[in-house]
Amino acid sequence: MNKIGVYFFIIILYLGLTRGVGPNTMHSIFIPSEAVFGNYFNESPPFTLVLVDAFSSGLFIKSYYHKYRLVGPFRPMDEVVVRVSSAFYQKNILNIGMSLFRRYDNNEENTVPLPPGTVFFLNKAYYGGWRWEDSGEKVWRFSRVYRFLNKQLGIQSFSPTYDFYKQLEHHQVSGKPYYGLRSEFGSNGRISQNNFPSFFTRKRDESSFFKSVLNKDFKLAVIKKRKLEKKQWKSFLLHE
Amino acid sequence: MNDMLDRLIIRVFFTLFTILVLYAYKYAHYFLYPSAKKQLFRKFYPSANSADSLHLFSRLLGLGIVMSSFSFDQAEKVFTSALFFSFTSLLCIIIFLVSIYIMESIVLYNFEYSGEIIKKQNYSYALVSAALSLSVAFIIRTVNIQTQGNVVVFLLLWLLAMVLFGFSTKLYKLLSKLNFYQLLIQKNLAVGLSYGAFVLGCSFTICSVFYQEYDSLENYSLQIILKAILAAIVFPFFRLGIHFVYELKNDWQESELPEWGYGLYEGAVFFLACLFTSLITGHVYFGTIYPVF
């Protein structure tokens with residue numbers, strides 16, 4: 001009984017010490033849902049949080065992480081990794097590249113998943129303006145001084161049209177996620193896939209893991225065989 | 001051709017230098033162990049006292065194990081690297097001898113070399129002493145490799161290693177039914193084999209917890225302590241597993257003296273369990289299961 005007691009004490013000591021000083025728990029905050037974004041991210045407005053990557057780790061007991069990009073016109077861009085709940089992770093699996101939290105100039109906060117840059121498109125303050133394209137379409141563009149935000153937000157040369165803007169407003173009010181007129185944003189969106197490739201590359205690699213291993217070994221075997229055949233052919237020619 | 005000959009001469013020079021260090025060890029050993037004068041400074045006949053031979057050669061082997069972790073860095077000049085080598089080897093010799101002194105004070109505090117080895121020719125005592133020397137040598141070698149020439153860090157980690165090793169030697173009472181001191185006085189080989197293998201296994205496990213990436217001293221020390229506790233958790237699984245798989249049965253009665261076969265069985269199980277434990281504590285890489293963002 002004494003030995004068993006000592007053994008259990010050692011297990012509890014180990015778990016306690018690991019919890020206290022383990023590298024994963026030392027630096028990452030825990031986000032259970034979108035309701036706590038306002039408490040953890042106290043950046044001055046306008047400010048948006050873009051979901052850049054999502055990852056789960058562990059084999060038997062899983063932990064879930066989100067990587068957010070903090071974007072604002074008057075602050076340096078930053079990326080932060082947080083631990084999230086399983087439910088929140090599953091809820092946002094289709095929202096890679098989307099803005100999950102916005103704080104407007106009037107300190108209003110919104111957590112409906114919308115395309116990144118919404119905090120500027122819907123903002124009454126002057127970060128850009130409407131222009132007429134040669135095609136006759138009306139599009140919104142950042143002012144010259146704020147054009148660096150295109151890259152930070154991961155939208156590159158995308159310019160929202162008036163229809164896009166109207167749909168955006170409607171979805172923000174109704175509280176439903178919006179992925180663009182042609183679903184350009186989100187995990188299934190072309191723009192998000194091009195600008196935030198790490199999540200999609202990892203998913204592709206995971207699904208084709210065995211194929212890639214087989215391919216690698218098979219290719220090596222084929223290369224060796226071809227080299228041997230070349231050698232044999234050369235020696236045949238020499239003898240001829 | 002010139003550079004090949006030159007390199008050969010430099011290697012011969014370092015060989016002679018290393019033998020000089022061996023010579024220095026003799027005097028360092030005598031300084032810390034004055035009773036070993038007969039062993040070191042007169043002609044030694046290995047067949048006269050086999051226990052004494054085991055005692056002496058275990059120390060020399062330990063020295064060899066420690067010195068096998070050194071190197072001569074030719075980025076500096078030959079004499080500078082020789083000077084650095086002599087400083088580090090002298091430090092390691094002193095640390096090695098101090099470690100043996102500490103461990104023998106903890107484990108063999110009731111015994112004396114002259115009484116047990118010279119007069120009684122106690123092979124059991126010689127086995128335990130040999131195992132302690134080799135264990136301490138492996139630990140010092142590992143710490144030296146990990147610290148890569150940083151003297152202050154080497155001393156601090158050596159102290160940590162000695163504390164861990166000292167604790168582990170006291171666990172023998174919990175794990176074995178043999179009465180260590182009583183059987184050692186009776187010159188019973190079983191306890192020598194059992195304890196010797198146990199102590200060697202502990203040193204292998206401690207060496208495995210030291211083999212990890214070094215970023216800061218604080219973090220590294222914490223990880224060592226965590227891995228040492230993990231080893232204490234994993235070890236009983238392997239010990240029980242070996243007994244279960246091979247259906248090993250304890251056939252020794254406490255009223256009799258244990259045979260050396262029993263000591264061998266206990267020692268081998270301890271050692272094997274420690275080796276497998278070092279596999280789990282030191283060689284599990286979490287790679288893609290726990291990646292870094």
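The model is predicted: local features need pLDDT of at least 70, side-chain atom pairs count only at pLDDT 80 or more, and totals for chains, interfaces and linings use all residues. Residues are numbered from 1 along each chain as its sequence is written, chains are lettered from A in the order in which they are written, and side-chain values use heavy atoms, without hydrogens and water. Helices are DSSP runs of H or I with at least four residues, numbered from the N terminus.

Contact (heavy atoms within 4.5 Å) links 15 residues of chain B with 20 residues of chain A. The two chains bury about 1,600 Å² between them, 79% of it on carbon and sulfur atoms; this is the accessible area (1.4 Å probe) lost on being put together, summed over both parts. Helix H11 (residues 217–245) of chain B gives the most to the side of chain B that touches chain A, with nine residues. By class, that side has 13 nonpolar (Ala, Val, Leu, Ile, Met, Phe, Trp, Tyr, Cys and Pro), two polar and no charged (Asp, Glu, Lys and Arg) residues; the others, Gly among them, count as polar.

B:Ser124 is in helix H6 (residues 123–147) of chain B. B:Ser124 is buried, with a relative accessible area of 0%. Leaving aside neighbours within four places in sequence, B:Ser124 is in contact with B:Leu184, B:Lys187, B:Asn188, B:Leu189, B:Val191 and B:Gly192. A polar atom of the B:Ser124 side chain lies 2.7 Å from the backbone oxygen of B:Asn188.

Conventions: Helices (H or I, at least four residues) and strands (E, at least two) are DSSP runs, numbered from the N terminus. Buried means under 20% relative accessible area, exposed over 50%, partly exposed in between (1.4 Å probe, protein chains only). A polar contact is a pair of N or O atoms within 3.5 Å; within protein, one must be able to donate a hydrogen and the other to accept it, and residues adjacent in sequence count only if both atoms are side-chain atoms.
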